[in-house]
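Thank you all for coming.

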Amino acid sequence: MTVVRVNFCRCMLAVWLFSSIFCFSGCVGCNFITRQIIKRKTFTYMGCYVDKAQSRDLLIPGGHGNHMDPTECNEVCKKRMKTKFMGLQDGGNCWCGNKFNKYGKAKDSACNTPCAGNPKEKCGGRYLNSVFETA
């Protein structure tokens, strides 16, 4: 997470451009206000990868349940387990690890099971991990 301090103008037209605010002059006596904007690094989708029950691709179980989605799995893997990667499988299972791709890549369209915690997002499939780099 990065904290950025930004000055912006209360009485002028402010425009966002490349994550910065630019003020254009247009009034006299403009008051600049300093605000903190918190930029959070987002996790990066790496693809859909095959897993096997007898020897997991991502070795550390990160939990499961009806609350699981990429944000929740990231919290477990990055913050608690301190791993570089996370994988979501079968809609609600989270797996963590520092390496993956033991069994190869699958088509991204195969990882199409909706996440239990957020059905708008996809969380792998049966023995398929939607793998992300944690943030």
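Let me begin with a question: which residue in β10 is the bridge partner of Gln89? The answer is Asn129, and I will come back to this pair, but please keep in mind throughout that what you see is a predicted model.

First, the overall layout. The chain contains 1 helix and 10 strands, and if you read from the N terminus on, the elements follow the order β-β-β-β-β-β-α-β-β-β-β. The chain has 135 residues, of which 35% count as buried, while its accessible surface comes to about 8400 Å², with 53% of that belonging to carbon and sulfur atoms. If we take the contacts between residues at least 6 apart in sequence, then 64% of them join residues that are at least 24 apart.

Now to the sheet. There are 6 strands in an open sheet, and they come in the order β6-β8-β7-β10-β5-β9, with antiparallel pairing. Which strands stand at the edges? They are β6 and β9, the latter being residues 105-106, and each has a single partner strand, so one side of each is left without a neighbour in the sheet.

Let us look at β7, which covers residues 85-89 and is mostly covered, since 5 of its 5 residues are buried. On one side, β7 is joined to β8 by 5 bridges, and the two strands run antiparallel; here Leu88 stands opposite Cys94 of β8. The hairpin made by β7 and β8 has 3 residues between the strands, and in it Asp90 takes a positive phi near 55 degrees. β7 is also joined to β10 by 5 bridges, again running antiparallel, and this is where our opening pair, Gln89 and Asn129, belongs, together with Met86, which stands opposite Phe132.

Where do the side chains of such a strand go? In a regular strand, side chains alternate between the two faces of the sheet. In β7, Phe85, Gly87 and Gln89 point one way, whereas Met86 and Leu88 point the other way, and all of them are buried.

The neighbouring strand β10 spans residues 128-133 and is joined to β5 by 6 bridges, the two running antiparallel; one example is Gly47, whose bridge partner in β10 is Val131. Of the 6 residues of β10, 5 are buried, so β10 is largely enclosed by the rest of the structure.

The largest of them has 11 residues, including Met68, Met86, Leu88, Cys94 and Phe132. Which elements give two or more residues to this core? They are α1, β7 and β8, and the largest share, 3 residues, comes from α1. Apart from this core lies another one, of 6 residues, with Tyr49, Phe85, Trp95 and Phe100 among them. As for Met68, if we do not count residues up to four places away in sequence, it touches several residues, among them Cys73, Leu88, Cys94 and Cys115.

Finally, I would like to set two residues of one loop side by side. Leu59 is found in the loop between β5 and β6, and Asp51 also has its place in the loop between β5 and β6. Is Asp51 buried or exposed? Asp51 has a relative accessible area of 3%, and because buried means under 20%, Asp51 is buried. Leu59, by contrast, has a relative accessible area of 58% and is exposed; together with Ile60 and Met81, Leu59 forms a nonpolar patch on the surface, with about 260 Å² of accessible area.

Leaving aside neighbours within four places in sequence, Asp51 is in contact with Arg56, Asp57, Gln89, Tyr103, Tyr127 and Asn129, so that list holds both members of the pair from my opening question. Asp51 and Phe100 are 49 residues apart along the chain, and their C-alpha atoms are separated by 9.4 Å. With that, I will stop and take your questions.

Terms used:
Residues numbered from 1 in each chain as written. Predicted model: local features only at pLDDT ≥ 70, side-chain atom pairs only at ≥ 80, totals over all residues. Heavy atoms only, no water. Core = buried A, V, L, I, M, F, W, Y, C linked by side-chain atoms within 4.5 Å. Buried < 20%, exposed > 50% of the residue type's maximum accessible area, 1.4 Å probe, protein only. Helix = DSSP H or I, 4+ residues; strand = E, 2+ residues; numbered from the N terminus. Contact = heavy atoms within 4.5 Å. Patch = residues over 30% accessible without salt bridge, like charges linked within 9 Å, V, L, I, M, F, W, Y side chains within 5 Å. Areas by Shrake-Rupley, 256 points an atom, 1.4 Å probe, with all protein chains shown as cover. Salt bridge = Lys/Arg side-chain N within 4 Å of Asp/Glu carboxyl O. Pairing = 2+ DSSP bridges.
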